[in-house]
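Me: I would like to learn how to read a model of this kind. Please take me through it feature by feature.

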Amino acid sequence: MKFAVLGTGSVGQTLARKLVDLGYAAIMGSRSADNEKAAAFVNEAGGLATTGTFAEAAAIADIVIVCTHGAATLDALALAGAENLAGKILIDVTNPLDFSNGFPPTLLPAYTQSSLAEAVQAAHPKARVVKTLNTVNAAIMVDPQRLSEPGDIFVSGNDADAKAQTIDLLKQFGWPDPVDLGDITTARGTEHYLPLWVRLMGPAGGANFNIKIVK
Ligand SMILES: NC(=O)c1ccc[n+]([C@@H]2O[C@H](COP(=O)([O-])OP(=O)(O)OC[C@H]3O[C@@H](n4cnc5c(N)ncnc54)[C@H](OP(=O)(O)O)[C@@H]3O)[C@@H](O)[C@H]2O)c1
């Protein structure tokens, strides 16, 4: 199984490293074929790690994970190429945050009434988009067991098989029981949680925390 990890930031580095540790091939994609961060990842992670442009990575992969700057996600996926995404599971971990006025960020105005995940699905109707992992920081995405308990992680998407395969991957990351919220419109809930998430960093004493449904 080959994964394209579209993004060279902390999320891309963390997810790609975890995939390699699990024994999967991980191709880190970026705008440039000679991206320094992607090259560093390949040097550090070894044989199962490679790098390429967004398009090269998406073309080779069985499953694509997009972890680009939120405001650039649609541009990055356009560069990846609709033909390279068609039919594939497209796991979207991005958040539509606007840092133009500093910290804390707000939601990008384009997504206050909907979600970036829906825009991704609309732009790539043949891709099978699953929104997940955007509600925790990168370290927790791949190692929820480092918390006192994992808490809950959520999936949203229109394709039942894509969600089932994503849930299987999440379990390999250490999430015991991912919560299926429903179709892709339910990503509004997890994306719109981010303004609270950034404010929980204070009382939580940092970014290593999660939330849990209790009844
Ligand atoms: N940081 C976390 O713990 C965390 C947790 C949950 C969700 N997220 C979300 O995950 C995503 C990634 O976050 P991050 O901090 O790892 O990285 P980031 O700095 O937000 O994004 C870096 C990536 O975005 C790409 N990019 C930037 N501008 C672009 C443009 N104009 N066109 C195409 N691509 C562009 C970069 O491409 P190049 O490689 O070519 O430079 C790079 O690969 C974000 O959407 C963030 O909200 C982050």
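Me: Among contacts between residues at least 6 apart in sequence, what percentage join residues at least 24 apart in the protein chain?

Reply: Two residues are in contact if their C-beta atoms, placed from the backbone, lie within 7 Å. In the protein chain, 72% of the contacts between residues at least 6 apart join residues at least 24 apart. Note that this is a predicted model, in which local features need pLDDT of at least 70 and side-chain atom pairs count only at pLDDT 80 or more, while totals for chains, interfaces and linings use all residues. Residues are numbered from 1 along each chain as its sequence is written.

Me: How many helices and strands does the protein chain have?

Reply: Helices (H or I, at least four residues) and strands (E, at least two) are DSSP runs, numbered from the N terminus. The protein chain has 10 helices and 10 strands.

Me: In what order do the strands of the open sheet stand?

Reply: Strands of a sheet pair through backbone hydrogen bonds, either parallel or antiparallel. Two strands pair if DSSP finds at least two bridges between them. Here 8 strands form an open sheet with mixed pairing, in the order β3-β2-β1-β4-β5-β8-β9-β10.

Me: Which residue of β2 is the bridge partner of Val5?

Reply: Met28 is the bridge partner of Val5. Strands β1 (residues 2-6) and β2 (residues 25-30) pair in the parallel sense, over 5 bridges.

Me: Which strands does α1 lie across?

Reply: For angles, axes are lines fitted to C-alpha atoms, for helices over the stretch in contact, and the values run from 0 to 180 degrees between N-to-C directions. Helix α1 lies across β1, β2, β3 and β4 (63-66), and runs at about 160° to β2. Helix α6 (residues 116-123) also packs on the sheet, where it touches β5 (89-92), β8 (128-132) and β9 (154-157). The direction of α6 makes about 165° with that of β8.

Me: Is the peptide bond from Phe103 to Pro104 cis or trans?

Reply: The bond from Phe103 to Pro104 is cis, with omega near 0°. Pro104 is in the loop between β6 (97-98) and β7 (106-107).

Me: Which residues come nearest to the ligand?

Reply: A residue is near a molecule if its C-beta atom, placed from the backbone, lies within 6 Å of it. Of the 24 residues around the ligand, Gly9, Ser30, Arg31, Ala72 and Thr94 come nearest. The elements giving two or more residues to this shell are α1 (10-21) and α4 (73-80).
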